[in-house]
Amino acid sequence: MELTYPLISCICITNNRPSLLKRAIYCFELQNYPNKELVISYQKKDTKSRLIIETAKQNEALKILQIERPVTDSLGEARNHAVYKCTGDFVCMWDDDDWHHTSRLSYQFNSLRAISQYYQASVLSRILLYDTTTKKAYCSFSYTWDGTILCRKEILLQNQYASRDRGEDTHVITFLSARKLLYKIEDVPFLYIYVYHGENTWNYAHFENFMNKSQLLDEQTTIGIRKVLNDQI
């Protein structure tokens, strides 16, 4: 029987970070999952992002949904609006800060489909961390990394993100976990690199707390991670 691949909408909330947005679009373009769209939300005054998006849309192979949002919208409100406007059966958060392996969508979706129809969402519980200030890389401890969620759209419509700029996704994860709807993928940290660059939503102390609990990677591996990030920015 031929497998079907439902549309996955990747939600990218950006704000005047052109080089990071370019990398996020590039990572999306390279995804080997066959049925996907990229939903990019940017503030109305952010002309740099608008230009990058309109340039990317010239590639007819890419499906990009462009959303201009009010400057006053919180991160949570921007996520909710993007989820509402997207057309996918599934939604995947696609932070512009970070790097996404070419198999991220396909691995997360196929893992979810293979386990049980009962699960409605998946997250990566181990990822890679990279600190641009120290040039060091880490393999994370086991944790529910909220930013890696892939979830059925109908669930996120019923359980929206909080209307704030930090911790907006906590209750979504709590809801899914409490009802045993969230599948945690443990052993593929290479699918996602969480990057600290100095303008993240959370400050350095927050990121440093993660690093202190994680495993420092050797120099050769770190050089490889640095090259991947630099080649796509």
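This is a predicted model: local features need pLDDT of at least 70, side-chain atom pairs count only at pLDDT 80 or more; totals for chains, interfaces and linings use all residues.
## Basis of the model

Local features are given where pLDDT is at least 70, and side-chain atom pairs count only at pLDDT 80 or more, while totals for chains, interfaces and linings use all residues. Residues are numbered from 1 along each chain as its sequence is written, and side-chain values use heavy atoms, with hydrogens and water left out.

Helices (H or I, at least four residues) and strands (E, at least two) are DSSP runs numbered from the N terminus. Two packed helices are described by the angle between their axes and the distance between the axes. Axes are lines fitted to C-alpha atoms, for helices over the stretch in contact, with angles from 0 to 180 degrees between N-to-C directions. Helix H1 (residues 18-29) and helix H2 (residues 47-56) have axes that come within 9 Å and cross at roughly 25°. H1 and H2 are therefore roughly parallel to each other (angles under 35 degrees).

On the H1 side, the contact (heavy atoms within 4.5 Å) is made by Pro18, Leu21, Lys22 and Ile25. On the H2 side, Lys48, Ser49, Ile52, Ile53 and Ala56 take part.

## Cysteines

A disulfide is a covalent bond between the sulfur atoms of two cysteines. With the cut-off for a disulfide set at a pair of cysteine sulfur atoms within 2.5 Å, the whole structure has zero disulfides. For Cys10, the nearest cysteine sulfur is that of Cys92, 4.9 Å away. Cys10 is buried, with a relative accessible area of 0%; buried means under 20%, exposed over 50%, and partly exposed in between (1.4 Å probe, protein chains only).

Cys151 is also in no disulfide, and the nearest cysteine sulfur, again that of Cys92, is 10 Å away. Cys151 is buried, at 0% relative accessibility.

## Helix H3

Helix H3 (residues 75-85) has several buried residues, among them Leu75, Ala78, Arg79 and Val83. Their cover includes strands S1 (8-13), S2 (36-43), S3 (64-69) and S4 (90-93), and helix H5 (153-158).

## Single residues

Asn16 is not a glycine, yet has a positive phi of about 55°. Asn16 lies in the loop between S1 and H1 and is partly exposed, at 42% relative accessible area. Lys135 has a positive phi near 65°. The loop holding Lys135 runs between strand S7 (128-131) and strand S8 (136-139), and Lys135 is partly exposed, at 44%.

Thr221, in helix H8 (residues 219-231), is partly exposed at 34%. The C-alpha atoms of Thr221 and Ala137 are separated by 8.1 Å, although these residues are 84 residues apart along the chain.

Conventions
Angles under 35 degrees count as roughly parallel, over 145 as roughly antiparallel, 65 to 115 as roughly perpendicular and the rest as oblique.
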